[in-house]
Amino acid sequence: MLQGGLLKPVADFADDVHRQRGFSCVDCHGGDPAATERAKAKDPARGYRGMPKGAEVIAICARCHSDAEFMHRYAPRQRVDQASEYASSVHGKRLAAGDTGVATCVSCHRNHGIRLVSDAKSPVFPTNVATTCGSCHSSPDHMKRYMGANGTPLATNQRAEYEQSVHFAAMTKRNDLSAPTCNDCHGNHGAAPPGVGNVANVCGTCHAIFQAKFEQSTHKDVFDRGCVECHNNHAVLQTSDEMLGTGPKAICSSCHADKSEYGYMAAEKMRALIETLKGTLERDGALIADVRNAGLQVSAQELALGEARNRLTLARAEIHATNPALVEPIVGEGIKILAGVHRAGDQGLAELRFRRQGLFASLGAILLVVVALALKIKQMDRGTTH
Amino acid sequence: MLQQRVITWLDERLDLSDVKHFIAEKGVPVHTQKVWYYLGGMTLFLLGIQVATGILLLLYYRPSAEEAYESVQFIVSEVEFGWLIRNMHSWSANLLIAAAIAHMFSVVFLRAYRKPRELTWLSGIGLLFLMFGFGFSGYLLPWNELAFFATKVGTGIAGAVPVVGKFMLRFLRGGDDVTGATLSRFYALHVAVFPMLMTAFLGLHLLLVQRQGMSVPINVEKQLREGARLRQIPFVPNYVLRDVLLWYVALAILAALAALSPWELGRKADPFAPVPAGIRPEWYFLAMFYTLKLIPSHVLIIEGEQLGVIVFGLAAVILILLPFLDRRSSRAEPNPFVTWAGVAALIYLVVFTIVGYLTA
């Protein structure tokens with residue numbers, strides 16, 4: 001009867017994807033399962049490997065997972081380059097240098113209870129990745145031995161910062177599993193911090209338009225950390241128009257503080273353009289809502305409002321090129337659309353006034369007829385009842 | 001006077017002496033319950049509004065799943081006074097059914113269905129059911145989201161009718177589901193089949209009313225038999241003018257509702273969209289709809305919905321046969337059972353409609 005430490009691997013292995021595919025302990029640990037004596041069963045001469053550690057783990061997993069022919073039998077679409085990617089990662093390089101404290105396959109995938117990545121209970125399921133990475137990277141005790149490139153200690157607040165981000169909110173509150181977590185920016189098996197030059201590339205894999213606009217910007221050659229300069233890396237917070245311009249919450253003014261300087265004026269101008277479109281949109285949206293609530297058909301105007309909203313979104317994207325001359329025509333288009341909406345809204349209000357006036361005139365006429373009829377009936381009833 | 005010249009011209013050719021005599025002699029009884037007589041005329045007036053506004057809507061309405069919603073949208077936003085016509089049609093439809101139901105209850109409580117007016121009752125009930133048919137078919141015609149899903153539910157209930165349910169469901173929908181084929185069918189029923197039947201039933205109903213005159217309550221009839229004299233007012237012009245006065249009031253109410261509370265069009269029906277919240281049929285089907293919701297899915301060996309449909313079917317049969325079942329009233333004897341059953345039915349309808357509306 002198994003007891004203590006030996007019981008857990010067996011219990012965990014019950015749910016292991018490998019067990020479901022027909023693999024058993026000896027496929028990883030070696031030894032002779034037919035032997036009845038412990039010494040023979042665990043005889044290294046019979047292939048017993050014991051509990052693999054460090055590079056041995058990589059080698060054992062790679063025996064199958066790097067064998068394309070073998071993997072085709074079980075998971076034809078699965079990649080087989082994990083081991084070579086791992087070797088290129090910071091984890092892999094440190095392991096090769098003899099650091100056994102770094103993550104190997106089992107650190108993230110577990111050892112005996114390995115589940116498919118698509119299994120919500122897997123530690124590498126999208127919603128669990130931050131916790132899995134954080135088990136080491138959020139531990140000051142574990143991370144104290146590692147230093148950054150400039151010799152400073154590595155931060156351990158990445159997970160806490162990530163949990164404040166819009167990405168985390170999208171994943172956990174909107175259940176959007178495509179929202180980025182650690183491995184989407186850092187890679188999984190080839191885990192490495194994005195270098196200074198390629199942060200925009202990483203963000204641009206999803207935010208392609210913003211990247212394209214940023215490429216046109218003068219900031220491209222100035223911002224060492226690309227997108228991160230304004231948006232942070234792990235704590236990517238909800239953006240707002242207040243980040244733009246020269247106001248108290250504006251990011252631009254942290255560098256462009258001089259009012260006579262072009263950057264200051266450009267930031268102020270872009271913010272003013274955005275606010276103009278936003279304000280007009282809000283005003284005309286309220287006008288159309290009033291007309292709609294009064295019962296008039298405003299579907300064409302609602303479509304136009306949607307178009308204007310699209311222009312606002314485009315203008316907000318265009319500011320990443322940091323050139324007011326590019327933002328101005330987009331805002332102009334939006335304002336032009338809204339002018340039509342405003343005209344229609346005014347016509348709607350005029351129509352409502354016309355309807356009410358028409359109603360009161362009709363009610364007045366009907367009242368006169370009713371009174372006349374009542375008088376006539378009264379007159380006729382005198383003497384006609386029989 | 002032009003009017004007199006026209007009458008003379010017609011008289012010379014058609015001999016209107018019978019009609020003139022009928023008009024001159026026709027009177028309307030005056031008694032404490034006479035106010036209920038106006039409901040019939042009111043229902044007729046609202047039906048006239050429906051016909052007139054319906055014909056005007058037909059000029060622009062296009063009966064296909066692709067164009068129906070857009071055409072109604074066009075009517076209310078682009079066509080001159082189209083909003084007024086559509087709103088009056090929608091509001092008048094509801095007021096019409098309310099007036100018809102009130103008319104029916106007044107006939108029940110006054111026992112006006114009793115011998116010799118059984119045929120008037122049957123034609124009236126036929127008209128009421130036709131109005132429900134108009135309401136049900138017309139609700140779908142704008143092809144908006146609420147109507148689409150409510151029709152799905154409504155035709156689904158028809159599918160629960162024992163034996164012929166499946167056939168009825170497919171017949172109404174024009175297939176297994178509510179599609180453009182359903183819209184075409186409902187349109188055909190709404191503008192061709194039901195109006196034709198309505199004309200026949202209404203013609204018969206009005207003919208019988210004119211032929212037999214107004215019914216008087218049993219207690220008034222008893223007094224007449226005992227020699228009392230019944231006061232009457234001439235139908236033309238005294239009673240007709242009273243009717244016209246009330247029609248003007250109804251017109252004022254309709255105009256106010258159409259101008260101040262336009263009938264919502266909502267969003268275009270999308271068969272692939274999730275069912276929106278607050279799906280409910282028109283108010284006059286709400287009591288039935290809510291009752292069906294309350295019945296458990298299975299009652300003994302029968303499905304709950306099927307049981308509900310059977311019970312409502314039996315209630316309809318009892319309603320149709322009321323003049324033949326209520327023998328006491330036919331003998332001009334009081335029948336408190338009918339009064340209490342009528343009060344119970346009225347309370348049930350009001351309460352279940354309100355609760356159904358609030359919980360939908």
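Analyst: Happy to! This is a predicted model, in which local features need pLDDT of at least 70 and side-chain atom pairs count only at pLDDT 80 or more, while totals for chains, interfaces and linings use all residues. Residues are numbered from 1 along each chain as its sequence is written, and chains are lettered from A and ligands numbered from 1 in the order in which they are written.

User: Why is chain A called more spread out than a compact globule?

Analyst: Chain A has 20 helices and zero strands, counted as DSSP runs (H or I of at least four residues for helices, E of at least two for strands) numbered from the N terminus. For its 386 residues the globule rule gives 21 Å, and the radius of gyration is 34 Å, well over that value, so chain A is more spread out than a compact globule. The radius is taken over C-alpha atoms, and the rule is 2.2 Å times the number of residues to the power 0.38. The C-alpha trace spans about 125 × 80 × 40 Å along its principal axes.

User: What makes A:Ala14 count as exposed?

Analyst: A residue is exposed if 12 or fewer other C-beta atoms, placed from the backbone, lie within 10 Å of its own, buried if 20 or more do, and partly exposed in between. A:Ala14 has 10 C-beta neighbours inside 10 Å, so it counts as exposed. A:Ala14 sits in the loop between helix H1 (7-13) and helix H2 (17-20) of chain A. In chain A, 22% of the 386 residues count as buried.

User: Which residues touch the most other members of the largest nonpolar core?

Analyst: They are B:Leu46, B:Leu96, B:Trp143 and B:Leu254, in a core of 58 residues. Such a core is a set of buried Ala, Val, Leu, Ile, Met, Phe, Trp, Tyr and Cys residues joined through C-beta atoms within 7 Å. H5(B) gives the most to this core, with 14 residues.
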